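Visitor: I should like to learn how to read the features of a protein model. May we go through one together?

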Amino acid sequence: METEERRRRGGSAKSSKKGPIFRREEVKERLREKLELERRALKVVERLLEDSVAEDFLIDCAKLITPANYKDTVEERFIAKLCGYPVCPNKLGKIPNQRFKISTKTNRVYDITERKCFCSNFCYKASKHYELQISKTPLWLRQHESGSSGEEVLLSERCLKEEDIEDPLTESKDPVLPLIDSQAQNLIQKRITVEKLSSCLRNIVGPVGLTMSDLSTDLNNLVRTFRFSNTNIIHKTPEWTLIAVVLLHLLSFVSPVVRDALEVSASVQYLNSLMEELGLQQHDLLSLVELFKT
């Protein structure tokens, strides 16, 4: 009995010594597997950067990459001036500089950051359709999911046609674009308004003896009181110039520096000539100033 008990204890001790070693090796194996899967994903991304990728290959890639890998693919293709959708061979044309688009149709602000990566609305939507089908499960855990082959990945049903390629700022495509929330929209509209007004005022302040630093604080405070809509923030350059002159006169009521500058005869002559170029007279300008005051 005593001998058997010692043997049991001895066997138990040996098992406990082998346990940690076995677990350590298991962890190492999992790490090796994880690194290998990540390396494979990077190689797949490199393949997806080619000018044109076969549809079958793109479908198979969904099981080998993560959504982050695919976003990297789109960004790298964009940098290379290629359409972000891997199966599309088109080069990117003129790329808009702005991040946001204001729609006069819906009175909404849209973020076009992602849309600029694609040659057409079709490719943008097809790419998003594909991206949403990529599993969010980490690569090294996917084999433990039910059905290791994963769900079937589908591409958009039809191929890209010439009529699908259009301007990313086209009004009628409001580009399927992500919508900015109402608070952010108001901030963006305010920023756009300040930028437009500042651009016009830079051409005016010099001839009337002012600098932008004389106006910036009061201008920002004034713009904060505005209510923005799709009809009052989209104007042509002459209209922005007229608005800038009107606001300059409004600022003269709160800023002695602006008031004194506008009373100089040279400033009066300059602003009168500017109004004539816009097809207006001084009394038209004063009427607009009174309208804004009320």
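Predicted model: local features only at pLDDT ≥ 70, side-chain atom pairs only at ≥ 80, totals over all residues.

Visitor: How many helices and strands does the protein chain have, and what pattern do they follow along the sequence?

Guide: The protein chain has 10 helices and two strands. Along the sequence the pattern is α-α-α-β-β-α-α-α-α-α-α-α. Of the 294 residues in the protein chain, 36% are buried.

Visitor: How should I read the span of a helix such as α3?

Guide: One compares the expected span with the distance between the end C-alpha atoms. Helix α3 (residues 67-79) has 13 residues, which at 1.5 Å a residue should span 18 Å; the end C-alpha atoms are 19 Å apart, so the two values agree. Helix α9 (residues 265-277) also has 13 residues. From its first C-alpha to its last, α9 reaches 19 Å, close to the 18 Å expected.

Visitor: Which residues of α9 are buried, and which are exposed on the other side?

Guide: The general idea is that an α-helix has 3.6 residues a turn, so residues three or four places apart point the same way. In α9 the buried residues are Ser267, Leu271, Leu274 and Met275. Seen down the axis of α9, these residues fall within an arc of 100°, so they line one face of the helix. On the other side of α9, the exposed residues are Ser265, Gln269, Glu276 and Glu277.

Visitor: Which residues are buried in α3 and in α6?

Guide: In α3 they are Pro67, Asn69, Tyr70, Thr73, Val74 and Arg77. They cover an arc of only 160° around the axis, and therefore lie on the same side of α3. In helix α6 (residues 216-223), the buried residues are Leu219, Leu222 and Val223. Their arc, seen down the axis of α6, is 95°, so they line one face of that helix.

Visitor: What does Val194 touch beyond its neighbours in sequence?

Guide: A contact of this kind shows which parts of a chain meet in the fold. Val194 lies in helix α5 (residues 182-205) and touches Asn220 and Val223, leaving out residues up to four places away in sequence. Val194 and Val223 are 29 residues apart along the chain, yet their C-alpha atoms are separated by 7.2 Å. Val194 counts as buried, because its relative accessibility is 14%, under the 20% cut-off.

Visitor: Is Glu131 buried or exposed, and what is in contact with it?

Guide: Glu131, in helix α4 (residues 121-131), is buried, with a relative accessible area of 10%. Beyond its neighbours within four places in sequence, Glu131 is in contact with Tyr70 and Lys71. The C-alpha atoms of Glu131 and Thr66 are separated by 9.0 Å, although these residues are 65 places apart along the chain.

Visitor: What phi does Lys81 take, and where does Lys81 lie?

Guide: Most residues other than glycine have a negative phi. Lys81 is not a glycine, but it has a positive phi of about 65°. Lys81 lies in the loop between α3 and β1 (100-103), just after α3. Lys81 is partly exposed, with a relative accessible area of 46%. A positive phi is also found just after α9, where Gly279 takes a value of about 80°.

Terms used:
Residues numbered from 1 in each chain as written. Heavy atoms only, no water. Helix = DSSP H or I, 4+ residues; strand = E, 2+ residues; numbered from the N terminus. Buried < 20%, exposed > 50% of the residue type's maximum accessible area, 1.4 Å probe, protein only. Contact = heavy atoms within 4.5 Å. Expected span 1.5 Å × (residues − 1). Arc of directions from axis to C-beta.
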